Amino acid sequence: MNIIPILVTAAALFSIGIYGILVRRNAVMVLLSIELMLNAVNINFILFDAFLKDVLIQGQIFAIFIITVAAAEVGIGLAIVLMVFRNRKTANLNDFDLLKW
Amino acid sequence: MSWYEIVSYLILVLILSTGLRVVLTSNVVHAAISLVLTLAFTAALFLMLSADFVAWVLVLVYIGAVIVLFLFGIMITRAPLGKNAELDNINKITPAVISLGIFSSMSYVLVTSFSGEVTVVENSSIEKIGLILLGRFVLPFEIVSFILLAALIGGIVLARKDASLISEDQI
């Protein structure tokens, strides 16, 4: 199979994630969009691993590392959102102006 | 056009449509469920690209654990369930222009730089992954496990209610 459609799909998924990050107001929705972008990067890693036929299969190894770090990031991110929600009674990103002066 | 290509194109279309639904729907739970579908079709694409171990790790870690965390986050932060117009910013033109610009520049670079066919190998890569992960990549593997431990402890510390540390008058 030609690699161009898969590459363009991954780029489109990355752009969809950027659109979601910029357009959403809810902090949990922004984290969901970040997951979309990480997923697009994973698609690229696996595709180039299969395309280049690497002996050390570093593409798949790196994709596993990305999945692990993404899981850690979701845990910390949701804990921070929970913390801010407890203090500010909202998960709306427009109201997170604590550091603004 | 072979069956392999037909199924691959179908999976690509499904990934894009469910991914679009994640950012376009006005229902927060529907967005999380659409992300489940996107990740499931991505796992199917990984299976088509003969990366079976990564595909099952994706299913286990994302669909099994991360989505449950997201649903908990949605419920706990009392995100407005059901349809609501308050979920998105009013200005949608600028994000659309930015993401379309990034998409066009990225796909231009990719299309002009790469070409070729990807061929699929029959045998599974699980045994090789195990040997390489605990051989050449053992130090990054241990570092990643340490990062997971740190994230676990950090999550507990952040989310725990501690009245002596956080009182309302300190904010």
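Select Phe45(A): it counts as buried because it has 22 C-beta neighbours inside 10 Å (buried means 20 or more other C-beta atoms within 10 Å, exposed 12 or fewer, partly exposed in between, with C-beta atoms placed from the backbone). This is a predicted model, where local features need pLDDT of at least 70, side-chain atom pairs count only at pLDDT 80 or more, and totals for chains, interfaces and linings use all residues. Residues are numbered from 1 along each chain as its sequence is written, while chains are lettered from A and ligands numbered from 1 in the order in which they are written.

Phe45(A) sits in helix α2 of chain A (helices are DSSP runs of H or I, at least four residues, numbered from the N terminus). Leaving out residues up to four places away in sequence, Phe45(A) touches Gly59(A), Phe62(A) and Ala63(A) (contact means C-beta atoms, placed from the backbone, within 7 Å).

Next, show both chains. The contact takes 75 residues from chain B and 60 residues from chain A. On the chain B side, α3(B) gives the largest share, 12 residues.

Now select α1(B). Which of its residues are buried? They are Ser8(B), Ile11(B), Leu12(B), Ile15(B), Thr18(B), Gly19(B), Val22(B) and Val23(B). Look down the axis of α1(B): the buried residues fall within an arc of 145 degrees, so they line one face of the helix (the arc is that of the directions from the helix axis to the C-beta atoms). Their cover includes α1 and α2 of chain A, together with α2 of chain B. Turn to the other side of α1(B): Trp3(B), Ile6(B) and Leu10(B) are exposed.

Definitions and conventions:
Two residues are in contact if their C-beta atoms, placed from the backbone, lie within 7 Å. Helices (H or I, at least four residues) and strands (E, at least two) are DSSP runs, numbered from the N terminus.
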